[in-house]
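Hi,

Here is the model I promised to pass on.

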Amino acid sequence: MTTHMTSEPTAVESAEAPSCWLSVIIPTHNRRELTLRAVNSILEQHHPRRIEIIVVDDGSTDGLADAIHQRYAANDSVRVITTAREYTNAARNTGFRASCGELVCFLDSDDLWLAHTLTVVEQIFAEHPELAFLSVEGSTLPSPTHPLISRVVSEDAPGWSHAGFHSAPLVHRSLTLDGPQRHATLLYGDYFPAIIRGDLFLLSGLIIRRDAIVRAGPFTEHFRFYNDWEFFARMCLQGVGGYIDYDGFRRDAGRGDQISRARPATAMPRRHVYILRTLARRFPARLAAYANLHKDALNDAQYWMARCLLHTHHRRFAKRLLMHCVRQRYKVARSLALLAVADFI
């Protein structure tokens, strides 16, 4: 049940014929009890189709691998891959290469699924076989330091509130479900025009077809902040996606060991610019259909990066970005106003 990995991770190679329905990949580092909770939340689904759970122990020193082995030694659907410390994205890629599922979920080790989630997921993919991915809704766990977010995907991910979200050609469909929540709305279609405006999803609530992951490419391993968003943007280019307002998972927000708590204010606009520029290089043929939307999103990202950089020692670069906005006729009045006061901020 335990596999030791010593070689350096490589890119995702191919979409081999899957031998199970769903692979749940859980990268983790020194989160023994939380990881056990996450694994239990999958095993408690009571789903008849074959599911595998792959825990990637990313250099833990808290006895995590031994705890998994002791608790699930008799369950051949749970296995552990131990690696040297290579960080989250490398662990995700390692887990994917070892997986066999037709569908894949990358579950964060401090999150968990609710009962009946897989029943609903199976129903949606059966009724909409064209979907390359499906996002379910969720909420945060109660915390004394963070207020409850009851719809953590659509209310907390910034792309949903961006004015450009409505440029995405999405279809609404009312559904009757087999789970405890009897009614929900499925929003499906081309999410790419929305994802290039801002992040839309959370990995713990996202179930993706294996071939879509292969076409999108592996997680970028040198990223520290907003690595999920960059992967989502590539994923949205691979086909039709769906979101259902079904309460399917819990997010443990506000933990001190979460990477998102350490990100600087400039991280989001910098990553946004990077995402848009690299998409154009990696997928030029597919981006041609979104040329105007892509250009507008890039101008918007550079404008917001300039605003953030004006309050740092990178003020000269901020002014260059604002001049670019003026030349592109994007938010000309605002850009000129910021340029006028740039040396006094």
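His-172 sits in strand β8. This is a predicted model, by the way, so please read everything below with that in mind. With a relative accessible area of 61%, His-172 counts as exposed, because the cut-off for that is over 50%. Leaving aside residues up to four places away in sequence, His-172 touches Thr-185, Leu-186 and Leu-187. Tyr-243 is 71 residues from His-172 along the sequence, yet the two C-alpha atoms are 9.7 Å apart in space.

The next histidine I looked at is His-324, which belongs to helix α11. His-324 is partly exposed, at 22% relative accessible area. Its contacts, again not counting residues up to four places away in sequence, are Asn-299 and Gln-302. I also checked His-324 against Asp-178: they are 146 residues apart in sequence, and 53 Å separates them C-alpha to C-alpha.

Cys-325 is also in helix α11. Is Cys-325 buried or exposed? Buried: its relative accessible area is 0%. Beyond residues up to four places away in sequence, Cys-325 touches Asn-299, Tyr-303, Tyr-330 and Ser-335. From Cys-325 to His-313 the count is twelve residues in sequence and 20 Å in space, C-alpha to C-alpha.

Cys-100 is another buried cysteine, with a relative accessible area of 13%.

Now for the loops. Most residues other than glycine have a negative phi. His-116, in the loop between β6 and α4 (117–127), has a positive phi, near 75 degrees. At 38% relative accessibility, His-116 counts as partly exposed. Arg-329 is not a glycine either, and has a positive phi of about 60 degrees. You will find Arg-329 in the loop between α11 (315–327) and α12 (332–341), where it is exposed, with a relative accessible area of 73%.

A further loop residue is Ala-163, between β7 (133–140) and β8 (170–176). Ala-163 is exposed too, at 68% relative accessible area. Its C-alpha atom is separated by 34 Å from that of Thr-119, which is 44 residues away along the chain.

On to the helices. Helix α1 (residues 32–43) packs with helix α2 (residues 64–72) at an angle of about 35 degrees, and the axes are 10 Å apart. The crossing of these two is right-handed. On the α1 side, the contact is made by Arg-32, Thr-35, Leu-36, Val-39, Asn-40 and Leu-43; α2 brings in Leu-64, Ala-67, Ile-68, Arg-71 and Tyr-72. Sorted by class, that contact has seven nonpolar, two polar and two charged residues.

Helix α1 also passes a length check: its twelve residues should span 16 Å at 1.5 Å a residue, and the end C-alpha atoms are 17 Å apart, which agrees. Its buried residues are Leu-34, Thr-35, Leu-36, Ala-38, Val-39, Ser-41 and Ile-42. What do the buried residues of α1 pack against? Their partners are β2 (20–28), β3 (51–58), α2, β4 (78–83) and β6 (112–113).

I ran the length check on helix α8 (residues 267–282) as well. Its 16 residues should span 22 Å at 1.5 Å a residue, and 22 Å is what lies between the end C-alpha atoms, which agrees. Buried in α8 are Ala-267, Pro-269, Arg-271, His-272, Val-273, Ile-275, Leu-276, Thr-278 and Leu-279. These buried residues pack against α5 (192–195), α7 (227–236), α9 (284–287) and α10 (291–309).

That's it from me for now.

Cheers

Terms used
Residues numbered from 1 in each chain as written. Predicted model: local features only at pLDDT ≥ 70, side-chain atom pairs only at ≥ 80, totals over all residues. Heavy atoms only, no water. Axes fitted to C-alpha atoms, helices over the stretch in contact; angles between N-to-C directions. Helix = DSSP H or I, 4+ residues; strand = E, 2+ residues; numbered from the N terminus. Left-handed = near helix turned anticlockwise from the far one by under 90°. Contact = heavy atoms within 4.5 Å. Nonpolar A, V, L, I, M, F, W, Y, C, P; charged D, E, K, R; others polar. Buried < 20%, exposed > 50% of the residue type's maximum accessible area, 1.4 Å probe, protein only. Expected span 1.5 Å × (residues − 1).
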